[in-house]
Each structure stands twice: as structure tokens, then as C-alpha cells.
Amino acid sequence: MSVDAAQLELLADFEPTPLTGANAGLVETFQSRESSYAEEVERYLKRQALLESEQGVSKTTLFVSRARGFVGAYATLSATSIPTVGQTSTVLREVLRTEKAFVGAVMIDWVGVSDEVRRTGLRLGERRVLPWLKAEVVAVNRHAAAPLIRLDVSVGNWRAYRTYVIRWNFKALPVMARDGRPRPAPNPDLPAPPPEFDNRTYVKMFLDIYAT
Ligand SMILES: CC(C)(COP(=O)(O)OP(=O)(O)OC[C@H]1O[C@@H](n2cnc3c(N)ncnc32)[C@H](O)[C@@H]1OP(=O)(O)O)[C@@H](O)C(=O)NCCC(=O)NCCS
């Protein structure tokens, strides 16, 4: 579905703004309660994000509406790597054709779009947060190779999983099934998670910024 001029204007209104002590009050304008997963995303922003940013263990960027002064989305990032060996990760080694045991990545620790913005169908995550993030990762890669964006999502957060695979273009690595054996990642076209996976199991996903 293409984006029309009015939507482009709305998307551009959201300014990426690092969370600091000086603008911390803005987090109170963010509401995300449509599921237990969405509630966790709100709780993290309000209770932990500033602390972790100040400790330097992760960095949070708010997407603030210039026109209305509220937070429509946020992303919390840190540096990580993805192993290319091990039962669920050999696929990555083949995809990247590397001998390295780990490949550098920027980790999306947390990402969320507010209930209000989500209800408009704007897809602020896919159309504003993700393109911004890709540009940031390209900048990181000028001097340190971290060509992947990593995102782990629990199988139970099925709507988010489908969105990341179908819309954000992330590739999901094989996942440990209930029987302790790795299986190909679940098919995102299914209406619900397949029973062989525990809802609490995390699917490791990656996006190669040079492949998209
Ligand atoms: C996951 C997330 C960041 C994706 O953001 P986005 O790219 O802007 O996408 P949207 O949320 O607008 O839409 C994703 C899909 O969910 C659907 N959707 C959104 N809200 C919905 C609702 N209340 N009820 C039913 N479907 C809904 C959309 O229609 C869309 O489906 P489609 O792809 O078939 O059109 C965002 O949905 C979100 O913040 N979710 C809640 C918090 C969360 O789970 N975060 C992820 C933690 S890993």
C-alpha cells in the first residue's frame, strides 16, 4: 500500500529525539496498552529507559510529534552480535558467507508505537522508525562493521512477529521447539503461532542493511 502526501506529512512530523534528563517528562505522553506485550513496552519507557540511557547500557530515541508534543513511538538500541554457530544460528553463517563466529549488530532492545498512532494505520514503526534506524546503522558501519539489525520477539507476540517478517523484512532464524529441537521459524502467514512452539520462546531475527 503506497503512502499518500497527507501520511508523508504526518510521518515527517515525528522528530527522532534522544531521551535525556531534560526531556524525560515526555515519556508520560506515551500510551501502549493494547496487549500485555504493549504494556511492557510502555512500562519500560516510563520506568527504565532513562536510567539505562544514563548508565550507558542502552540508548532510547523518542519520536516526538512537533505539532502536538507527544511521543508517537520510541526505540531503545544497544550494540550486540549474533552467533553464526550453534543449533539455531548456522543459517546466518550460510546467508552471510562468513567464517566469523559472531557478526556485529545493532540490537533493538525495545520498540513501540503508541496505541493512538497505531489505530490511525500510519505504520509509524515501519515507515519512520525503521528507515531512521537503517540510516543510523549505516553511519555506525563507516568505522565498525555491524551490518545487522537484531530483534528478538516472543512467539506469543504473534502480531508483532508477523509485522517484522512481512512488513519490516526481517529474517527469522530457526527456533527451539517444545521438544528441544530447532525448527524453521514459524510461517508468519499463519493466523496464530503453531503449537510446537512455547509462546515464551524468543525468535531471533535479523535484517542485513546491505541486502535491503
Ligand atoms: C510491533 C510494532 C512496533 C509495529 O509497528 P508498525 O510497523 O507501525 O505497525 P502497526 O502496529 O501499525 O501495524 C502492524 C499490524 O498490526 C495490525 N494492528 C495494529 N494495531 C491493531 C489492533 N489494535 N488490532 C488488530 N490489529 C492491529 C495492523 O493493522 C497491521 O497489520 P497488517 O500488517 O496486516 O496491516 C507496533 O505494532 C507496536 O508497538 N506493538 C505493540 C508493542 C510491541 O509489541 N512491541 C514489540 C516488542 S518486540
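Which residue just after helix 7 takes a positive phi? Asn169 does, with a phi of about 70°. Helices here are DSSP runs of H or I with at least four residues, strands are runs of E with at least two, and both are numbered from the N terminus. The model is predicted, so local features need pLDDT of at least 70 and side-chain atom pairs count only at pLDDT 80 or more, while totals for chains, interfaces and linings use all residues. Residues are numbered from 1 along each chain as its sequence is written.

Asn169 lies in the loop between helix 7 and strand 6. Its phi is positive although Asn169 is a residue other than glycine. Most residues other than glycine have a negative phi. Asn169 counts as partly exposed because it has 14 C-beta neighbours inside 10 Å. A residue is buried if 20 or more other C-beta atoms, placed from the backbone, lie within 10 Å of its own, exposed if 12 or fewer do, and partly exposed in between. Arg123 also has a positive phi, of about 55°, and is not a glycine. Arg123 is found in the loop between helix 5 (115-120) and helix 6. Arg123 counts as buried, because it has 20 C-beta neighbours inside 10 Å.

Helix 7 (158-167) comes next. The buried residues of helix 7 are Ala160, Tyr161, Tyr164 and Val165. They lie on the same side of helix 7 because they cover an arc of only 125° around the axis. The arc is that of the directions from the helix axis to the C-beta atoms. An α-helix has 3.6 residues a turn, so residues three or four places apart point the same way. The face turned away from the buried side of helix 7 carries the exposed residues Arg159 and Ile166. The cover over the buried residues of helix 7 includes helix 2, strand 5, strand 6 (171-172) and strand 9.

Helix 2 (36-47) has twelve residues. From first C-alpha to last, helix 2 reaches 16 Å, close to the 16 Å expected at 1.5 Å a residue. The expected span is 1.5 Å times one less than the number of residues. Ala38, Val41, Tyr44 and Leu45 are the buried residues of helix 2. These residues cover an arc of only 120° around the axis, so they sit on the same side of helix 2. Ser36, Arg43 and Arg47 are exposed on the other side of helix 2. Helix 3 (49-55), strand 3 (71-83) and strand 4 are among the elements that cover the buried residues of helix 2.

The ligand is surrounded by 19 residues. The closest are Ala38, Gly112, Gly125, Glu126 and Ala160. Helix 2, strand 4 (102-113), helix 6 (124-140) and helix 7 each supply at least two residues of this shell. Helix 7 gives the most, with four residues. By class, the shell has eight nonpolar, five polar and six charged residues. Ala, Val, Leu, Ile, Met, Phe, Trp, Tyr, Cys and Pro count as nonpolar, Asp, Glu, Lys and Arg as charged, and the others, Gly among them, as polar.

The largest nonpolar core has 47 residues. Such a core is a set of buried Ala, Val, Leu, Ile, Met, Phe, Trp, Tyr and Cys residues joined through C-beta atoms within 7 Å. Phe63, Ile149, Tyr164 and Phe170 touch the most other members. Strand 4 gives the most to this core, with seven residues. Contact requires C-beta atoms, placed from the backbone, within 7 Å. Beyond four places in sequence, Ile149 touches Ala105, Val106, Ile108, Leu133, Val137, Phe206, Leu207 and Ile209.

Thr76 lies in strand 3. Thr76 is buried because 23 other C-beta atoms lie within 10 Å. Not counting residues up to four places away in sequence, Thr76 touches Ala49, Ser58, Lys59, Thr60, Asp109 and Trp110. Thr76 and Met107 are 31 residues apart in sequence and 8.3 Å apart in space, C-alpha to C-alpha. Lys204 is found in strand 9. Lys204 counts as buried, because it has 20 C-beta neighbours inside 10 Å. Leaving aside neighbours within four places in sequence, Lys204 is in contact with Ile82, Thr88, Asp152 and Leu173.

How values were computed. A residue is near a molecule or strand if its C-beta atom, placed from the backbone, lies within 6 Å of it. Two residues are in contact if their C-beta atoms, placed from the backbone, lie within 7 Å.
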